[in-house]
Each structure stands twice: as structure tokens, then as C-alpha cells.
Protein chains: 2
Amino acid sequence: MRRVFSTQAIQTAIEKSLPDFQKIAGSSAVRTQESVRRQFARDESHFISPPPAVVLEPTNVEQVSKFLKLCNDRGIPIVPFGTGTGLEGGSMSTLGGVCISTQQITGEPELREQDFVCSVKPSTTRLALNDAIKHSGLFFPVDPGADASVCGMVATSASGTNAIRYGTMKENVINLEVVLADGTILHTKGKGRCPRKSSAGFNFTELFVGSEGTLGVITQATVKVHPRPQFLSAAVCSFPSVHQAASTVVEILQWSIPVARIELLDTVQVQASNAYSNLTLRESPTLFIEFHGSSEKEVADQTAAVEDICKSHESLDFDSGASDEKMASLWKARHNAYYAALAMRTGARGFTTDVCVPISKLADVISETRSDLDEHDILGTVVGHVGDGNFHVILPTIEEDKTEHRKIQSFSDRLVRRALAADGTCTGEHGIGLGKRKYLREELGENTIRLMHTVKKALDPKNIMNPGKVLPEL
Amino acid sequence: MRRVFSTQAIQTAIEKSLPDFQKIAGSSAVRTQESVRRQFARDESHFISPPPAVVLEPTNVEQVSKFLKLCNDRGIPIVPFGTGTGLEGGSMSTLGGVCISTQQITGEPELREQDFVCSVKPSTTRLALNDAIKHSGLFFPVDPGADASVCGMVATSASGTNAIRYGTMKENVINLEVVLADGTILHTKGKGRCPRKSSAGFNFTELFVGSEGTLGVITQATVKVHPRPQFLSAAVCSFPSVHQAASTVVEILQWSIPVARIELLDTVQVQASNAYSNLTLRESPTLFIEFHGSSEKEVADQTAAVEDICKSHESLDFDSGASDEKMASLWKARHNAYYAALAMRTGARGFTTDVCVPISKLADVISETRSDLDEHDILGTVVGHVGDGNFHVILPTIEEDKTEHRKIQSFSDRLVRRALAADGTCTGEHGIGLGKRKYLREELGENTIRLMHTVKKALDPKNIMNPGKVLPEL
């Protein structure tokens, strides 16, 4: 039987433990002020949750270990919290309980330049990492949009715009320091090790990638860094329909042109981004494409090949060779797509979906989804990393409007079922958190869910690590 | 407490179970003839083991499930066996027990051409897979040399010559059908699913990659397939020293030239390959390099850039632009390096090592290893996938010579310790099996070993799955 928490019992256990928490990390690391607790109550999703009873701010792995051991001994649930940029409620303290903020665990990124790896502490965000290593000519490519912490991106199995060329977090993490529920500190590949490959022992690195705080707290990540491309260029291309835009992507992949990014914005998203980011893009389904290469010729060849494919799918235009400034403004607009969509409606919060389907099904699933929005008169934009078959619908909603919320929830259910019927997944990069738990059994099958529980119970027998997240009930 | 097997008890339990095995899959699937059992007694390593008490040859996953359930209920140990091409004794029946040969589980590879994935049953080897999909212009790149089964390559976390460009098995497996010890059949990513990425649930696919039969039997693998390169070329280049050859590799990587393969053969291996494969290579440390590209120009540019780097490291020659036939013969010679090394000594079997170190340490570790061989007067060749920092020493040995065996074992110990001191691993691609268990604790640390046992015990509480392999004793 899994432990069932009673909120009152948790509250009492925490109150008794406050002096012990203070002994571990000093009183300034134990935050009970309501204003602080409220800061850690929500991520960027539409979910609402009570704040944690206490926020702990350890400054090193030993303190994390001691906090976890204590909570484990006393049955106190723990929710790890990074930058709070998650979109599925994964870092919300739904039971009250202890929130462990990892952002005070600081330290300079340790770059091993010749080995193309860098180790970071939880406080390092992806932009901070890139800033720290920019002198080296190397960069960390995974970019989920938000300036999330790298360790948080590990926990969520994040990806983003250029996963098509550089892979997702799973392909870019090579070693992790993790603290288990009982306080055990371990290094998945052995302390300090960073060979490019290994067949030694179980692949625990990957087991913790995407575990969303349910198996342990990630206190250090060693990630791959890549040489910055010597030559870059971009193209913007619009189409009469989303189906044509998506079909273009499929054909680009089939010709194996190594595009670095290929992003789709549907008409509504283009309108939103034009308004928000002060652009003048044609109001049609549009692809943003980026090319990386080691010579101008290589980049030009890729561009020409893609232009041909776009034209064969009746593109309305093909704008390439933009200046660096224009490229930067386009990608900034792409990264701000979420906020642009929200800005379409005053006072709205975002409800986002995140399905990913096999490439062969992409064009159909996207155009069915666009039709679904239109038919049901739902305000929403389609935007996504279509080179991976991954796309989002951003739905600006008014939190208090329950009828609208139900309508959107029904749309989201239909979208997920459409993706699952196409052999896809309910989440390409946002994780399961709270929001996708109900789909996981349908996606993975009963036996895989049971195995998740088996592993969870083995690593966290008292179920203190982010309880109520990811795993559906047995 | 882990179950300790007594060979006599196992033998008795198996004898009693023979009629039940026959009921599950027919009498022809239950092989007790000594000649058959002997076939399944060894892999290609130097380890010696008694044959299994019985070899089971299921023809489908349901039979595997029933066999495992029965063995689990009766505490009978099981060793899965693929093509028997392993190099660390991982598929040997050290306790007698049941060998489950997976090679009668047959079926045509199922290619999803537009999605760049293909599903294979255990009988499909990597060459058979490539043969089955050659009409599509796609190929499966992972090539460990031997014509291993793809599912066996999953179990071992194999890689090979072109992992540097296309990744190892870990990066190329996207879904697995697995049978657990208790007979449960599951699909790690959900049945039939093949999105290019997913953040849904725990990454069990990767947990089974490299689990070497200790966590379950792999009965189907869905792997990535890649567009065949439109243009290929190769170069052969020799150097005055292994240090210079290895330093060249490091610099090629640092310039991020996307070579498809880069293999080192030291002088002794070149001599062996010249003799075995009827070549006339210069008897010096030599790199075989392959370039893939989408245009002749791209391949020529890569070749020219690599030639410059080779020259700056005082290469003795640089032979590029070989005919297709010559390229084929060179790669055949590379794949036959193991047999060429063995052929240096009549009646010898191979003892191979398989360390992998961070690139920054590669040149030093390889040249120290070559010196170690020379100083101790040990016959051995250095050969490897140096682009990954992974190299092998192939040591042709006479099995009966115990003194020599000890000498080689000491050399192997020193090599592993050298790799571990360089932040590397004791195995880049051969797996742990029997041979590397003794190094795993030193490599991963006590806490990670304990976590391996925790997970093993959760998935296989009676310890029937390939007992005595991979995990060091607690």
C-alpha cells in the first residue's frame, strides 16, 4: 500500500521539524513567510495549488541529503522547485509539504573544453551556462524557450527549437549527481566521469532524466556542449494552409537536410506575434527555419534545397538571407510566442498542450487540430517544433471561467487522443506533472505503469518525492 | 537476502519442468542434447562455463512470457542468448540453468519509412535488417563488427565504428517490447508508439539498453534508421606514433568536422591485418577515416580539412579518394581486426579490453597502454573507435597457459585503472558481463551499485534473470 498523506499530519510533522531544518542549513534557509511560500506555489501552468508549508533553500548537496533523510524518516512530502517555469504543475506543492528550492545551490559551470562537456549546479540556467562558456566557442543547444535551470530541464526532459539537430536533454546529459529519498548521494556514471559513451551498468542517467522530482533531487548535471556553428542563416516561409506547411517539414526531413531549427506558427500565432513582437509577417501559416554549417556554401546549399521543397508545396514566399538582427528578432518572437498568445486576451493565463506524433502523421494531426479549434470557436494558436513532430496549442484562458475551462479541457482531451491514435505521445517536452497523468495509462499500457510504480516504490518506498505527480494511481 | 542457487537444486527443478516447457512451446523447442547445449555454452570471450541444462527456443513473445513465469515460480535461473557474439561472457550459463535462445523469434522487419524507424524481432541481425530495408535508401548504422542480433545489441548497449556520427544503441532505440522475470510483457514507450521524442513517464527504454539480460528479455526493438549518405569517401593515414595519431583525432573533433568513422589501428594491428586481409598498409599507427555528405563538395571539404590536421601532426602519408572496392576492403579488414589479431598466433582465443576515456585523455592513455604492452612483452594490438575515446586491446592467448593468462589479466587491470583514473569507463561498448564486474564498484561508486541492486531486486526479486552477471556483490 502507498502511504496516504493527511495534510494536517504533514503540517504537524513540518512544524516539529522546523528547528531541525534550521540546524541543517541555518535559519535563513528555512522560509515560512507567506510571501515566500506564495512565490513557490505555482509554476507557469494553469494549475492552482496551496503554497508549500515551508520553503527550504539548501546551498549544497549535503544539505539536500540531510533535508531528504529527515523528511523521509518523518514521512514529510517534498517537492523540488527550480525556476518554476514548468507548464504541467510538476513543481507544485499540492499537499502543502516541503518545497526544496534548488536555486541557492550555486557554483561556476565547470567546462571541460576538450571533452565538450560542462558540469553545472542547480542555480545555473541555460542562458547563464551559455554566457559562462561563450569564450570557448562552445554552446549548450537545448532551449525550451524559458530560461529554465539546466537541472530542472533534466528533470522535465526538456527540449525546444533545435532538438532536431542537437537532440533533447536525454541525448545531452551524460552524468548526474542525484540525492535519493533516503538522502543517499550518488553519481549515475560515477563521480567526475565523462566518457562519450559507456556500457557500464544500468543507464540511471536516463532514468532520472524526465523523472520530474519523483525519484530524486538532481544536484549537478554534466551536459554535452557543442561547437557553435561557424555559419548560420535563416529563412521565413508562409503557406496557404497548415497542412502544406507541415507537409513541407516532412519532406525536408525525408531529404535529410540537416536543418538546425524548423518551427511552425499558424495564422493566429503569426497575428499574435506580429502584434506582440512588432513584426510584419504575412498572416498565414509560417515556417521559421535555421541553417547551421561550417561554410557559407554549406548553409547556402541547405537553404536552396529547402526553398525548392517549399515551392513544391506552394509556399507564398521564401525570405532568406536575413541580417543577424532580423534573425535575432525572429527567434525572439518565436520564443515569446507563448506570451504573444496570452497578450491576445487581457488577464488571461496560458493553457498549453504538447503532443508529439510520428512525422508521417504530423500534417494530418495538425490540420485536424486547427479545424477542431475553429469548429469549437476556441481561441488558440498552433506553434511547434515540427521537425520533431512536436507541437503546442497555446490557449489563453480566463481562470475563473469554469465553462470555458471545461471546453478547453475537452479540446485538450481530443487532441491527446488524436496524438495517441497516431502512435504519438501526450507530451513531447513539457512532462507529465499533474496535467497529463490521466493520459499516461492509455499511452504506456497497464504493465508499463505498474513497472513505474515498482521502480518508484523501490527508490522512494515512503512516497515522499513529489507525491501525486507523474504516476497515475494503480 | 539474495537467493543463492545450488546447481543440484536447479538441475532437479529443470528436470521436473521439462514436460511443462514442452507444453508451452512443443518438444522441438526444448533442447537437451549435449551438442546443442554446448553450442550455447560460450560466447566469443575467453570465459569458460558449463553448458546450460536445457536450451529453450521460443518462437514468440507469449512463449517467452510463459517460460519466464514458470522459471520465476520455480526459482530456475535464466540466461537469454542471442547470436553469442558477446565478448564479456554475459550470455553464459554459469549456473547451468535455462538458456533462452531468442533466435527462433522471427518476423520481417517492419519499416515505417516516413518516420525513419524500424521494428525488429530477436532473430534479425544488423546485416539482415540492413538487407531488408536497402530498397528504402535508409540504413541502420550501428555496427559492432560482428553480425549480432539487433535485440542483443540493445541488451549490450553496443556501438561500433560510426557511433561518432550516428550514436550508439542508446541513441538509436526508441521503443522496446520486454518480458520481465515474472512473465509480464510490456512496451517501454507504449505499444506501437514511435514519436521522435517524448517526456511521458520514466525512460525505461534506456534502462533496458545495456541491462544485459539481468532485467528482462527483449523481444522486439524499434530502432531509428537513417538516410544512406549520398556521398562517401575514405582516407587512410599513418603516423610515426600512436600519440600523434590519437592527437590528430582529438583535433579533428575539436574542429567539429563531422567524420562518420575514425578508427585507429596500431602498428601491430596493421601488421596483423596486412597478413590476414592481404593488404599492404604501411606498418605504422594508422587511421581509417570515412566521410559522409550530401554533396561531393561537402565530402571533399571534410577530407581536405582532415588532411590539413593530419599533416600538422606529421602524418607519413594521406591516401584518400579510394575506389568503392578499396574502401570496402579496408572496412572489411577493420571489421576483421579481431580475427586478424587472433590469427597471429595459432590456436589462440581472444582476450579483449574495451576502455573508453574522455577525448582529452585519449592520446596519453593509448600511448601509455602501448608502452605497457611493449614493456611487459605482451602480444596485443590496439584498435578502436577513437572518435569516441573508445579503444580495444586484442590479446591472442592460449587458453591453457595459466601464467600467460595471469599476465594478461594484470595488464587488463592496469589498463582499466588507467582509464578510470582518466575519468573514463571500463567498457565503452562490450558491456560488463562476467569480465568487468570487479571494476564496476570502483567506476560507479558504492551508492550507484546499491541503486543497481535496488532496481534489480524490484524487477527480479528472485534473481532469476542472468544471475551473477553485471552487478557486483553487495
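Because the model is predicted, local features need pLDDT of at least 70 and side-chain atom pairs count only at pLDDT 80 or more, while totals for chains, interfaces and linings use all residues, and side-chain values use heavy atoms, with hydrogens and water left out. Residues are numbered from 1 along each chain as its sequence is written, and chains are lettered from A in the order in which they are written. Chain A and chain B bury about 6600 Å² between them, and the structure holds 66 salt bridges over all chains but zero disulfides.

**The interface of chain A and chain B**

- The contact, meaning heavy atoms within 4.5 Å, takes 81 residues from chain A and 81 residues from chain B.
- Of the buried area, which is the accessible area (1.4 Å probe) that two parts lose on being put together, summed over both, 57% lies on carbon and sulfur atoms.
- Between the two chains, 45 residue pairs (both at pLDDT 80 or more) are in polar contact, a term for a pair of N or O atoms within 3.5 Å in which, within protein, one must be able to donate a hydrogen and the other to accept it, and for which residues adjacent in sequence count only if both atoms are side-chain atoms.
- The elements that give two or more residues to the side of chain A that touches chain B include β9 (185-187), α9 (242-254) and α17 (446-459) of chain A, where helices (H or I, at least four residues) and strands (E, at least two) are DSSP runs numbered from the N terminus.
- With nine residues, α17(A) gives the most to that side of chain A.

**Salt bridges between the chains**

- The rule finds eight salt bridges across the interface of chain A and chain B, each being a side-chain nitrogen of Lys or Arg within 4 Å of a carboxyl oxygen of Asp or Glu.
- A:Lys197 forms a salt bridge with B:Asp388, the closest N and O atoms being 3.3 Å apart, and A:Lys197 also meets B:Glu429 in a salt bridge (3.3 Å, N to O).
- B:Glu429 counts as buried at 7% relative accessibility, as does A:Lys197 at 5%, where buried means under 20% relative accessible area, exposed over 50% and partly exposed in between (1.4 Å probe, protein chains only).

**Salt bridges within a chain**

- In chain B, the closest N and O atoms of the salt bridge between B:Arg282 and B:Asp317 are 3.0 Å apart.
- B:Arg282 lies in the loop between α10 (267-277) and β14 (286-293) of chain B and B:Asp317 in the loop between α11 (296-312) and β15 (319-320) of chain B, so the pair ties together parts that are 35 residues apart in sequence.
- B:Arg282 is partly exposed at 42% relative accessibility, and B:Asp317 is partly exposed at 28%.
- A:Glu368, A:Asp372, A:Arg414 and A:Arg418 are joined into one network by salt bridges that share partners.

**Cysteines**

- No disulfide, defined as a pair of cysteine sulfur atoms within 2.5 Å, is found over all chains.
- The sulfur of A:Cys310 has its closest cysteine sulfur in A:Cys237, at 3.6 Å, which is too far for a bond, and A:Cys310 is buried at 0% relative accessibility.
- For B:Cys71, the closest cysteine sulfur is in B:Cys99, 11 Å away and too far for a bond, and B:Cys71 is likewise buried, with a relative accessible area of 0%.
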